[in-house]
Amino acid sequence: MRAAIFSFSARGAELSKKVAEYLHSIGYETELQTVAKYAEQTGIAPMLPDHNGACAAVFNKCQALVYVGAVGIAVRTIAPFIKSKLTDPAVISVDERGSFVIPLLAGHIGGANELSRCLAAALGAPACVTTATDVNGLFAVDEWAARNRMVLCSLAAAKDFAAALVGDEKVGLYYDKEFQLTGPLPKLVTEDSSLPVGMAVTLQKHLQPFKTTVRLLPKIVHLGIGCRRNTPLENIEALVLPELEKLQLDKRSVVAIASVDLKKDEQGLLAFAKKYNFAANFYSADELNSVAGDFTPSSFVQSVVGVSNVCERSAVKDSKGGRLLLRKTSLNGVTLAVAAENLVLDFAR
């Protein structure tokens, strides 16, 4: 994760170093910039060509931006670059004395609210969180989804869901029967399928159990793929994409492709992963042979790569022992299996 920290005074520049130290401690790569006249004395890089240009250079590259200075400066600077709460980075304002920490943008999905609370605790200051669900102590579906690797399919539905909660109305919960639920449900959330507004945690991309459904797609699907040498990207797509459609799986639920390590330089596989923004993981024959389960054997594959099944074993291995949604299927020299991680829903997490 990357964070950019901007300051506008000598005092603010010194405080920005403390902000950077904290962000670094929780895993961020940090970049500090200040106005040119304070750069030399503080040892911080100058904002070039100015603070607007500096913001333009990092807005789409960082997961968090922290402005140490007046809120107005931050608002005016980021305004031209704001696009969507689904993609905008977390933006936080901290006054130069470190008295207040204020999340300005991407409070839930981008994580600005939670990051502000943590940063405020580190600075010994209050976090001024203003989103309606937070100030009323209610469940924030978009924030929970972001924390739990889930894709929020409709911002409009999420707004209606939040409005119902703020209006003291109950909302429903649906989840696929293969998932497990642990711990208590949030306030006003109930497993009542008759309610008009609710959330659905599901792998089925067209499911709408409520009149207004906030559909959350867990990113838990793994594609085990085997192929002949020099198989082109198009052959892989010709098998994988239609099979995902048959399973009613959204590509956004896919975490990664997986295969035997003999395929780690297979250009078609790597191009497929890159095109759809999937991770690509490769395992040795010994690692795949150690995967427990009942898999479709092939004596030919065993003789070539040292494991009797690549696609099914790779999918299960990559999903940390998950369940197979699709057993070995093949087309034009490509084999595919699909597995999903075992998912436990915990609203305290």
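Predicted model: local features only at pLDDT ≥ 70, side-chain atom pairs only at ≥ 80, totals over all residues.

Student: What's the volume of the largest pocket?

Tutor: About 640 Å³. There are 26 residues in its lining, and H108, I109, G110, G111 and A146 are the closest to the centre.

Student: Which element gives the largest share of that lining?

Tutor: That's α7, with 5 residues. Helix α7 covers 141–147, and α5 (112–123) and β7 (150–152) also supply at least two residues each.

Student: And how do the lining residues of the largest pocket divide by class?

Tutor: You get 14 nonpolar, 7 charged and 5 polar.

Student: OK, how much space lies in the second largest pocket?

Tutor: About 430 Å³. Its lining has 21 residues, with G226, C227, R228, F300 and V301 nearest the centre.

Student: Which element gives the most there?

Tutor: α12 does, with 4 residues. At least two residues each come from α12 (299–305), β13 (221–227), β16 (323–331) and β17 (334–340). By class, that lining has 10 nonpolar, 7 polar and 4 charged residues.

Student: Switching topic: do β8 and β11 run parallel or antiparallel?

Tutor: Parallel, over 4 bridges, with β11 spanning residues 197–201.

Student: How many bridges join β8 to β10?

Tutor: There are 2, between β8 (residues 171–175) and β10 (residues 189–190), and those strands run parallel too. V171 stands opposite V189 in β10.

Notes. Residues numbered from 1 in each chain as written. Heavy atoms only, no water. Pairing = 2+ DSSP bridges. 1 Å grid on protein atoms, 1.4 Å probe; cavity = no way out; pocket = protein on both sides within 12 Å on 5 of 7 lines; lining within 4 Å. Points joined across faces, edges and corners; volume = space filled by probe spheres on them. Nonpolar A, V, L, I, M, F, W, Y, C, P; charged D, E, K, R; others polar.
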